[in-house]
Amino acid sequence: MTTATTTDLTGDYALDVTHTRLGFTARHAMVTKVRGSFEDFEAKAHLDFEDPTKSTAEVTFQIASINTGQKQRDEHLRTNDFFDATTYPTGHFVSTGVTKTGEDEYAMTGDLT
């Protein structure tokens, strides 16, 4: 079966974590940027191609899977100085809205806990 239009793609999806990166960039000492990712996560989305503002997403990630490429920093980030991975083992993102930002571009906002 071939897809005739983008509206045929409207539906629920689970992200393929083997082909997806959950990455972030953070400022360090207001001078440099640190890039990293969470290696253990799962995500799902509902895409609405007729009205993209009705699309939603949800991501759950394991705090202990943080990876910035520097082992000592990652261990420190897992402590209660930062994420407190023992007390709060998971992070969670739930979208709260989608807005159109360009002709074919959208921005998704949400709550990160």
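**Exercises on a predicted model**

Leaving aside neighbours within four places in sequence, S95 is in contact (heavy atoms within 4.5 Å) with T56, A57, M108, T109 and G110. The structure is a predicted model, in which local features need pLDDT of at least 70, side-chain atom pairs count only at pLDDT 80 or more, and totals for chains, interfaces and linings use all residues. Residues are numbered from 1 along each chain as its sequence is written, and side-chain values use heavy atoms, with hydrogens and water left out.

**Exercise 1.** Locate S95 and determine whether S95 is buried or exposed.

*Solution.* Step 1: S95 belongs to strand β7, residues 90–102; strands are DSSP runs of E with at least two residues, numbered from the N terminus. Step 2: the relative accessible area of S95 is 13%. Step 3: buried means under 20%, exposed over 50% and partly exposed in between, with a 1.4 Å probe and protein chains only. S95 is therefore buried. Step 4: a polar atom of the S95 side chain lies 2.9 Å from the backbone nitrogen of A57.

**Exercise 2.** Identify the residues of the largest nonpolar core.

*Solution.* Step 1: such a core is a set of buried Ala, Val, Leu, Ile, Met, Phe, Trp, Tyr and Cys residues joined through side-chain atoms within 4.5 Å. Step 2: the largest has 10 residues, namely F38, F41, A43, V59, F61, I63, I66, L77, A85 and F93. Step 3: β4 (41–47) and β5 (56–62) are the elements that give two or more residues to this core.

Definitions and conventions:
Helix = DSSP H or I, 4+ residues; strand = E, 2+ residues; numbered from the N terminus. Polar contact = N/O pair within 3.5 Å; in protein donor to acceptor, adjacent residues only side chain to side chain.
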